[in-house]
Amino acid sequence: MWEIAQPVFEACAQYHRSARILDNSVGSGRLLRFASADRHALFGVDTDGEAVAALSAAAAAAGFEYEFLTCGMQDITPKDFDCAFINPPFSLTLQSPWLSPYSCTAYGKFGPNTNALSHAYALAQALDAARVVVALLPTSFTEEVATDPAYNERLQAIYHLPAGAFREENTEVRTSILVFGPLGATAPMHCLTLANLDAGPLPPVSARAGLFASAPKARLNARHIESGAPTITLPVTGDTSVRVSHDGRRVRLGFGCGLTQAMVLNTILREPVGHYQPDGTDRHRYPQGIRYTGQGALDLEVHLTQDDPLASFEAFLAEIRDAGGTPLVQPGVREHLARRHRRSLRQRTPLAHTVYFPGGHVRPADDLVLGIARTTHQIDPNSWFSPVIEMGAEVSFTREGGDCYVAEIDGERLSLTAAELQARFETATEATTEGEWRQIHAGLAAAYPDLAANYRARARALGVDKWLSWDFQLEDAIECLMKPNGCVIAWEQALGKARLAAALILLSGVKHGILAVEPYLVPEMEAELRGLPIPPEAWQVITKPAHARALRTINIITYDRLRSKLADAKHQTYAKLLRRRAGLLVADEGEVLCNMGSLQTRALWQLATKRKFVLTGTPIANYPRDALPLLNFCAGDGTAAQPYGVRGLFMDERLRTSMAFVERGIDRFRDDFVTTEWVTPEFSDTLSQGAKREIPKIANLDRYRAMLAPHVKRRLVKEPAVAKFLKLPEPTEQVRTLGWDDAHLFHYLRVAEDFSEWYLQQRGDERRGSNLVALLARIQAVEIAANFPQHEGQKFGRYLPLTSKQRFAIERLAEHSRAGHKSILYAHHPGLLDLLARELEAQHGIRGVVFHGGTSIKARTQLLNDEFRYGDSPVLFANISIAQAGLNLPQADTVFFYDRDWAFKAEDQAGKRVLRVQQKNAVLHERWHLDGGIDVYQDQLVAFKRDAFRSGLDWATPETDDVEFLHLDTILTRFAEAVAARRGVKSHELRHALAA
């Protein structure tokens, strides 16, 4: 290997300097044994401290210029070397936040570009650091190197070593020597297999001598080793004063003396949290910006988690005095903390909530309950320091609110629901004979009656009480406005969210408020505001930059416009123009925030209003984790009131003592509530991106409910406060299972089996990353094969005849139309809707209205109004993605779901379009399944999501806790086996039997 690099050494000697050589896994220095002190300077790293020490001693004795460090290659960013000789460990997985972003790095435990294989990373690092690289690598890796542009642009030679070349070192791995020259070298790449190790000298690397004329200082750049630059640069003046101020939630300290600064910071911050581990494996991932165990004292939110925040802050000042400083608290800091404490208490107070308990529900018999522990357990199993309750111990509980029982044990508060109390303790109980509505939280109006009275007086003065006339509407508007930051308002349909949105802006007293809506809801929002006694000059719909520059009290803007660029400014969006110009934001259909990376979400965040309210009937839009971005948006990121940070930490009162094991908020949320079987590191890191096998089930139901309680205002149509003003029909739910046509079944099975084989192959190869795009495309192919096989562009071609489900749909629609009913048929594919509409008209002479994205919003809304709502057309063929929310369609009394959605939210909202006070008929919701097809999997998935939604948000009893969750590949395989068994053949013979 040294002979190959001779041109490098000669070029360096020509310019009267030593050649700087790197080995990024140097070990005992075997690759450097031919170096001479007068010609070579040696650099390297290794995790074996004893080997590094011995090598350093030998280099010093021989008179070398050298630098050897005890660390891993992942902990350095080497630069400006002449040559690198590397023989890295093979196929070890490196996981470190310090990896450089090369083509070989992938998503890992610590985020993007934090995972790599050792030999690939070693090569990429050496190529980045040195002009010439000679590498000893696994032969299996050479093919990848030869075809990867990141490597092969500089590749000059590959020499395959004979088998058993390293047998003396107890390894039979086939290895090769790879030679890389400088960028721009024109030498042709050649490949040679050596018969033995004595084959003679190998050709030297091609490199122009002039490239080595310059000699910037070679650097290893170890990340964990301090540069030597002083941290404290102030002179020693003897000034002991320490200025204490704040910047938002951060406490700022100012000094006039370097010695005082050193003494105070050493006392406050204490020791580093210790991210770095010598072997490169980080046992704990810290939130960004966390460096010292005492850092919590510099975060006002940490003080707010304490029982007495002002006392905690005074204790912090006492620490400064004990360290030799004289704290000078700047004017307004204590007042700011006191005000922030009052706001935090309101923000974390549970909103009023009434839930339904079915008959037969068991609860403690009295408000004062004596419980006997069933087992030995901790109050908080997630905390090492939480008090332990021994089995048989007696604990006294007091009922607070509707379903909360509290006790204090060794200074720590234990709060349990009735169900959790009975699971942990034996208590005297009673069973309810009938179902009952029970208030579980009294709400903010009960906790802060004077503030509520002020808002009521303001409502009367503005006349808002005259049009927000249902009692619960005004009470909810007042309670939500008592939240300093905002909240999620999760009203069910038909409760008057448009009026509530206007009332929130008017009652808040802000000069300007923004109401963000979906584009198709603008006409209905305008109609609602025109019907209210609000002056026309007080509101507007923003449709051009001039509107955004001249804001009114209520300013309606669509999500699409909010994220779009201004017509008269190339690089400015409406969101940027409106930034910090409104005091309050109402985001209608606010579940769009669940997608944290979308342009709509970014635009809403960019507005930066002080108060934010999210209106949505489905705050748990798909999975239990979907609630977190909404809470983060309106209630704060890792605060005393909302502890689960998305970008920051998990807030805990123990952080005032030490941040040694502080958690990222998103990690704690995942561990507390998310149920998965496997996930990619990207999903584990973000909870929104990357592949996973997730089960829509809440892992810790009681804690999840407690997390939502201060931030989600829930109202149900059936609860007593609402039912006295509004009664909606209860739909009849039906599922019809349909048989297959043999030819269609044959087509479907080919696609389903192709998916199963591909999926099992993907999961069997652990080295292959999960391709989420490919997975979704193949699942969609199965769905299309079942529901719309006429669709073009599929792998197995088209199936053109009408399927059994399509024929059934046409006949069912015709039957209902002849009986005088108006029906809505929901499906996903626009082409399918067009096909069914054509066939219904051709076969029965019934003309339907097609409502999908193939036409503009204005055109399809006009058609909907003219022909379906107020016309004679009896059938609406609607795309569920477009028509699921916002539309009022009480003219129809029947909803047919041709195919199933993947989200409970979509089907729930779509079905509720017909449930309005104007509805006079009995309502039918009917779903159609092909026997054993993908509909069955979607039905199960939606059932689990519905169960998580209702149990987490509405306190319903979970129905799927003991139900096995079957994944798609399992359902498809079982279906094929069942069909084969019915036909008396083996599963692998089924397609041939169907084709015969």
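## The largest cavity

His353, Ile440, His441, Arg705, Leu708, Ala709, Val712, Arg714, Gly952, Leu953 and Trp955 line the largest cavity of this predicted model. Two or more of the lining residues come from each of strand 25 (436–441), helix 24 (701–708), strand 34 (712–715) and helix 33 (934–953). Helices (H or I, at least four residues) and strands (E, at least two) are DSSP runs, numbered from the N terminus. On a 1 Å grid over the protein atoms alone, a cavity is a set of points where a 1.4 Å probe fits but cannot get out, and lining residues have an atom within 4 Å of a point.

The largest cavity holds about 90 Å³ of space, and the structure has four cavities of 30 Å³ or more. A volume here is the space filled by probe spheres set on the grid points, which are joined across faces, edges and corners. Six of the lining residues are nonpolar, three polar and two charged. In this scheme Ala, Val, Leu, Ile, Met, Phe, Trp, Tyr, Cys and Pro count as nonpolar, Asp, Glu, Lys and Arg as charged, and the others, Gly among them, as polar.

## Basis of the values

Residues are numbered from 1 along each chain as its sequence is written, and side-chain values use heavy atoms, with hydrogens and water left out. Because the model is predicted, local features need pLDDT of at least 70 and side-chain atom pairs count only at pLDDT 80 or more, while totals for chains, interfaces and linings use all residues.

## The second largest pocket

A pocket, unlike a cavity, is an open set of points with protein on both sides within 12 Å along at least five of seven lines. The second largest pocket has a volume of about 2,100 Å³. Its lining has 50 residues, of which Arg348, Arg413, Ser415, Glu653 and Ala706 lie nearest its centre.

Which elements each supply at least two residues of this lining? They are helix 9 (333–348), strand 22 (412–417), helix 10 (418–424), strand 25, helix 22 and helix 24. Strand 22 gives the largest share, six residues. By class, the lining of this pocket has 20 nonpolar, 14 polar and 16 charged residues.

## The whole chain

The protein chain contains 35 helices and 40 strands. Its C-alpha trace spans about 100 × 90 × 70 Å along its principal axes. Of its 996 residues, 54% count as buried; buried means under 20% relative accessible area, exposed over 50%, and partly exposed in between (1.4 Å probe, protein chains only). Among contacts (heavy atoms within 4.5 Å) with a separation of 6 or more, 70% join residues 24 or more positions apart.

## Nonpolar cores

A nonpolar core is a set of buried Ala, Val, Leu, Ile, Met, Phe, Trp, Tyr and Cys residues joined through side-chain atoms within 4.5 Å. The largest has 67 residues, of which Ile489, Ile534, Ile556, Ile824, Tyr826 and Leu876 touch the most other members. Helix 15 (residues 497–508) provides the largest share of this core, seven residues.

Leaving aside neighbours within four places in sequence, isoleucine 556 is in contact with Leu515, Val517, Met525, Leu529, Trp539, Gln540, Val541 and Ile542. Another core, of 54 residues, lies apart from the largest one and includes Ala490, Ala548, Leu577 and Ala627.

## Aromatic pairs

The whole structure has 27 aromatic pairs. Rings of Phe, Tyr and Trp (its six-membered ring) pair if their centres lie within 6.5 Å; planes under 30 degrees apart count as stacked, over 60 as edge-to-face and the rest as tilted. Phenylalanine 673 and tyrosine 704 form an edge-to-face pair, 5.2 Å centre to centre with 80° between the planes. This pair links distant parts of the chain, 31 residues apart, with phenylalanine 673 in helix 22 (residues 665–673) and tyrosine 704 in helix 24. Phenylalanine 673 counts as buried because its relative accessibility is 0%, and tyrosine 704 is also buried at 0%.

Phenylalanine 904 and phenylalanine 949 have ring centres 5.2 Å apart and planes at 55°, so this pair is tilted. Phenylalanine 904 lies in helix 32 (residues 904–911) and phenylalanine 949 in helix 33, so the pair ties together parts that are 45 residues apart in sequence. Ring pairs also link Tyr644, Phe650, Phe669, Phe673 and Tyr704 into a cluster.
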